[in-house]
Amino acid sequence: MRYSISLNRWNFSIKELNYSANVIVPHTWNVDDNVMKHRGAAEYETTVLIDKALKNKKVFVTFNAVYHTAKVYINGSFVGCHSRSGFTPFKFDITGKVNFGDDNKIKVVVDNTHIDEMLPHKDDFDWADDGGIIRKAELQFIEPDAVEYLRAEESINAADNELCSGALKIKTAFLDGKSHGGAVKIIDYSNNETIIEKHFESIENEFTLEFKNLKLWSCCSPNLYRIAIETDNDYYEIRTGLRKIEVRGSKILLNGREIYLKGCEWMPGSHPDYGMAEPLEHSIKCLKQLKNAGCVFTRFHWQQDDGIFDWCDENGLLVQEEIPYWGYPKQASALQLDIAKQQADEMVYFHSHHPSIVFWGVGNELGAETQSTIQYVRDMVEYFKSLDGRRLVNYVSNTLSRVENADKDDATLYGDIAMWNDYLGLWEPSGDIENHMIRTCKKADGMPLVVSEFGLCEPHFKGGDKERAKILLQRLEMYKRIENIKGYIWFSLNDYRTHCGEEGENKMRRRVHGSTDLYGNEKPSYKLFCDL
């Protein structure tokens with residue numbers, strides 16, 4: 001069966017700085033006082049004894065994320081490079097490079113230099129650029145005829161309260177490329193009861209399982225199921241939920257019922273002791289603050305770890321996961337489109353079993369009135385939908401409200417939901433905010449609009465947390481009066497570390513944008529947000 005070895009202890013070095021240390025992965029050097037200014041290459045090395053008894057298995061080295069370019073070597077041999085994406089998982093088959101019954105040396109060369117062939121592009125992003133093996137790494141040992149991939153896409157034909165009937169389209173593949181006999185099971189996650197079990201002489205790459213009276217997944221009732229394949233040599237499962245997200249006119253529906261998306265965005269990687277390698281325990285503390293404030297929705301500017309999405313699955317928090325394409329280049333080229341498609345492939349491959357992810361995002365603030373951005377959004381909406389038909393796809397605009405663009409098209413109108421960052425009277429001057437907002441929302445007539453950001457960014461804008469609370473109250477009153485606004489995202493839960501921050505230096509460089517501080521300590525505006 002399956003076996004894994006955690007790769008958490010490494011020797012770390014930056015040769016050009018003559019620096020070395022023993023570290024625990026997840027790790028980033030950009031919160032280490034000795035080397036936090038370094039942007040460039042660094043090396044991780046570790047040695048693993050692999051038992052001779054494992055010699056008949058396939059061996060994979062897997063990384064949940066390395067920021068942002070990783071070259072991997074086993075026993076001195078190059079096995080692969082993962083580039084152009086620093087927040088998505090990847091793995092390499094290293095079976096032919098492994099010495100069974102002996103020590104094996106693993107080296108990873110990591111580079112976080114700002115480069116053109118990357119999203120986020122160069123230094124055009126507003127969060128931390130922490131380099132390192134920032135999420136879990138391990139060796140996986142799997143039978144040569146084991147399940148390589150498993151995915152389940154539900155189609156719901158009928159729903160009654162919390163129960164539904166329909167079909168699961170199962171997509172799977174085995175490592176040897178053949179079909180194998182075995183059982184396919186649907187198991188209730190809450191009580192481990194097998195609900196459906198079907199035996200196949202030959203499990204094909206794609207087939208359908210019909211179901212009746214299974215529990216829906218929703219924000220109030222986040223019911224989960226395990227989908228498993230069991231063969232003579234393998235047992236493999238994913239966890240998922242059954243739900244339907246859709247748009248009808250100007251309404252957003254979850255399982256056929258209209259939902260209003262009260263949301264707040266948390267910026268991970270902001271605790272100065274951890275950076276982008278923050279432990280799941282701290283992430284959960286922040287996620288609980290979202291739920292305690294009554295949020296049903298959040299968005300992430302960049303891809304997150306499975307552990308975060310697992311928590312969202314278990315606690316009914318809806319998510320938009322985005323390709324980290326922010327700001328520039330505003331004229332998307334074939335290169336940016338190609339990188340975005342690579343990241344979309346990885347997002348769907350590794351994260352599509354999470355019911356909490358209801359929206360994919362294709363970019364943020366790219367000059368949405370230009371034809372090149374409009375075409376990029378149209379291309380990426382179509383591409384995501386070709387990969388995954390059970391989610392909506394959106395683009396976040398900061399141009400929908402601009403007076404000079406009043407008669408222009410906007411790329412956000414080509415997503416399933418219009419998403420607009422509202423900084424009227426702040427980053428965007430406005431003499432009559434509410435009427436300006438009404439005119440903006442009319443551009444999205446006939447479709448739902450979600451305010452995807454609003455808030456106060458210090459020290460660029462003055463007034464402190466008292467002014468932040470004032471903006472929160474004023475905006476929510478306005479949003480409630482505009483019919484096609486179907487949700488909002490308070491930005492942000494926390495002050496956040498960012499390489500382009502206006503306050504602090506090095507690992508403390510930040511934007512004071514939050515209702516909590518870098519450490520998660522709550523300000524008065526957080527309590528106000530909870531009470532609204």
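A total of 33 salt bridges was counted in the chain, the structure of which is a predicted model. One of these contacts joins the side chains of Glu154 and Arg390, with an N to O distance of 2.7 Å. This pair links distant parts of the chain, 236 residues apart: Glu154 belongs to strand β11 (residues 147-160), whereas Arg390 is located in the loop between α4 (371-387) and β25 (392-397). Both Glu154 and Arg390 are buried.

A further salt bridge is formed by the side chains of Glu265 and Arg299 (3.9 Å, N to O). Because Glu265 lies in strand β21 (residues 261-265) and Arg299 in strand β22 (residues 297-300), the pair ties together parts that are 34 residues apart in sequence. Glu265 is buried, at 0% relative accessibility, and Arg299 is likewise buried, with a relative accessible area of 0%.

Within helix α7 (residues 524-531), Lys527 and Asp531 are placed four residues apart, about one turn of the helix. Their side chains meet in a salt bridge at 3.0 Å, N to O, and both Lys527 and Asp531 are exposed.

With regard to the overall fold, the chain contains seven helices and 30 strands. Its radius of gyration of 24 Å is close to the 24 Å that the globule rule gives for 532 residues, and the chain is therefore as compact as a globular protein of that length. Of the 532 residues, 60% count as buried. Among contacts between residues at least 6 apart in sequence, 71% join residues at least 24 apart.

How values were computed:
Residues numbered from 1 in each chain as written. Predicted model: local features only at pLDDT ≥ 70, side-chain atom pairs only at ≥ 80, totals over all residues. Heavy atoms only, no water. Helix = DSSP H or I, 4+ residues; strand = E, 2+ residues; numbered from the N terminus. Rg over C-alpha atoms; globule rule 2.2 N^0.38 Å. Buried < 20%, exposed > 50% of the residue type's maximum accessible area, 1.4 Å probe, protein only. Contact = heavy atoms within 4.5 Å. Salt bridge = Lys/Arg side-chain N within 4 Å of Asp/Glu carboxyl O.
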